[in-house]
Amino acid sequence: MIAWIGGRSVGFDDVGSGDPIVFVHGFPHRRTMWASQIGALVDQARCITVDLRGFGESAPDGAMSMDSYADDVIALLDERKVDRAVICGLSMGGYVAFALWRRHPERVRGLVLIDTKAGADTTEAADKRRAMIEQAKQRGSAAIADAMITGMVGKSTRAKCPEVVDAVHRMLESAPVPGIVGALEAMISRPDSTPTLATIDVPTLIIVGSEDTLTPPKESHAMHQAIPGSRLEVIEGAGHVSNLERPAAVNHVLSEFLASILLA
Ligand code: MLT
């Protein structure tokens, strides 16, 4: 579906009923990456997915930063008349979840942090992103997809599930260049969220693929140590997009977590 918010198109879906959970995709993804989670959870929760500015069906207008992405999510929640929701972010979606927690904690019922990390970019990482910006501008999204696919998907998935690798590659190459460039700039300038972790006082589930090389399990262990009362689940045999690589395993822990929140 499309909402018009502030004169700008925002791609989203809103299905199911009950307590809401909002799914925020990573880079350079789109909201359709959550299809399996929606299918599994729709009888348990109101599931809202959103395309971040410049991805999927959301227009690329305006400046992009983790703060502006977070405010876009809140604008969609306002439009959907949702006061408070569990925020589930994968990778860059996790960076957005941290910004959302800093800026709008009263809107956050719980957090699910999937294949993400708290730290800001190192100088080397920022330089790599600048090179990627040039690559995207000169050679387009397909070049970005080719460069990213190996890191995006775990080695077990690459060996055993070529159809998943193909589907992820198609998603990456369909990302619009303005969205890619805006997100890379936003990630370069994102703050270190490490100090934020100790402030999180809502139920938090951390999920990571055991074969994630982009945001490796040690990053999730560090977040787990720093977020009071958080729960950590390692998904064996999954890489950086664990929800696409081992959807049943991710859906199971998500469902358990939501049940524990809804009963609490
Ligand atoms: C993502 O999947 O969102 C990106 O890999 C995050 C990043 O590059 O830091």
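Modeller: Helices (H or I, at least four residues) and strands (E, at least two) are DSSP runs, numbered from the N terminus. The model is a predicted one, in which local features need pLDDT of at least 70 and side-chain atom pairs count only at pLDDT 80 or more, while totals for chains, interfaces and linings use all residues. Residues are numbered from 1 along each chain as its sequence is written, and side-chain values use heavy atoms, with hydrogens and water left out.

The part I have picked is helix H4 (123–139). H4 has 17 residues, which at 1.5 Å a residue should span 24 Å, and its end C-alpha atoms are 24 Å apart, in agreement. The expected span here is 1.5 Å times one less than the number of residues in the helix.

Burial is judged by relative accessible area: buried is under 20%, exposed is over 50%, and partly exposed is in between (1.4 Å probe, protein chains only). In H4 the buried residues are Ala 126, Arg 129, Met 132, Ile 133 and Ala 136. Viewed down the axis of H4, these buried residues fall within an arc of 110 degrees, so they line one face of the helix. The arc is taken over the directions from the helix axis to the C-beta atoms. On the face of H4 turned away from the buried side are the exposed residues Thr 123, Glu 124, Lys 128, Gln 138 and Arg 139. Helix H5 (141–152) and helix H8 (177–188) are among the elements that cover the buried residues of H4, where contact means heavy atoms within 4.5 Å. After H4 comes Gly 140, which has a positive phi near 85 degrees.

Next, the loop that leads into the helix. Asp 121 sits in the loop between E6 and H4, and it counts as buried because its relative accessibility is 16%. Leaving out residues up to four places away in sequence, Asp 121 touches Ala 126, Arg 129, Met 187, Ile 188 and Arg 190. With Arg 129, its side chain forms a side-chain to side-chain polar contact of 2.6 Å. A polar contact is a pair of N or O atoms within 3.5 Å; within protein, one must be able to donate a hydrogen and the other to accept it, and residues adjacent in sequence count only if both atoms are side-chain atoms. The side chain of Asp 121 also makes a polar contact with the side chain of Arg 190, at 2.6 Å.

Asp 115 belongs to this loop too, which runs from strand E6 (108–114) to helix H4. Its phi is near 45 degrees, a positive value in a residue other than glycine. Most residues other than glycine have a negative phi, and most peptide bonds are trans. Asp 115 is buried, with a relative accessible area of 0%.

Lys 81 also has a positive phi, near 60 degrees. Its place is the loop between helix H2 (66–79) and strand E5 (85–90), where it is exposed, with a relative accessible area of 69%.

A cis peptide bond, with omega about -15 degrees, joins Phe 27 and Pro 28. Pro 28 lies in the loop between strand E3 (20–24) and helix H1 (35–41).

Back now to the strand before the helix. Of the 7 residues of E6, 6 are buried, so E6 is largely enclosed by the rest of the structure. E5 and E6 pair in the parallel sense over 6 bridges, two strands being paired if DSSP finds at least two bridges between them. Gly 89 has Leu 113 in E6 as its bridge partner. Between E5 and E6 the chain passes through helix H3 (residues 92–103), in a right-handed β-α-β crossover. Right-handed means that, with the strands pointing away from the viewer, the path from the first strand over the helix to the second runs clockwise.

E6 also runs parallel to E7, joined by 4 bridges, with Leu 111 opposite Thr 204 in E7. Strand E7 (residues 204–209) in turn pairs with strand E8 (residues 231–235), in the parallel sense and over 5 bridges. There, Ile 207 has Glu 233 in E8 as its bridge partner. E7, helix H10 (residues 217–226) and E8 form a right-handed β-α-β unit.
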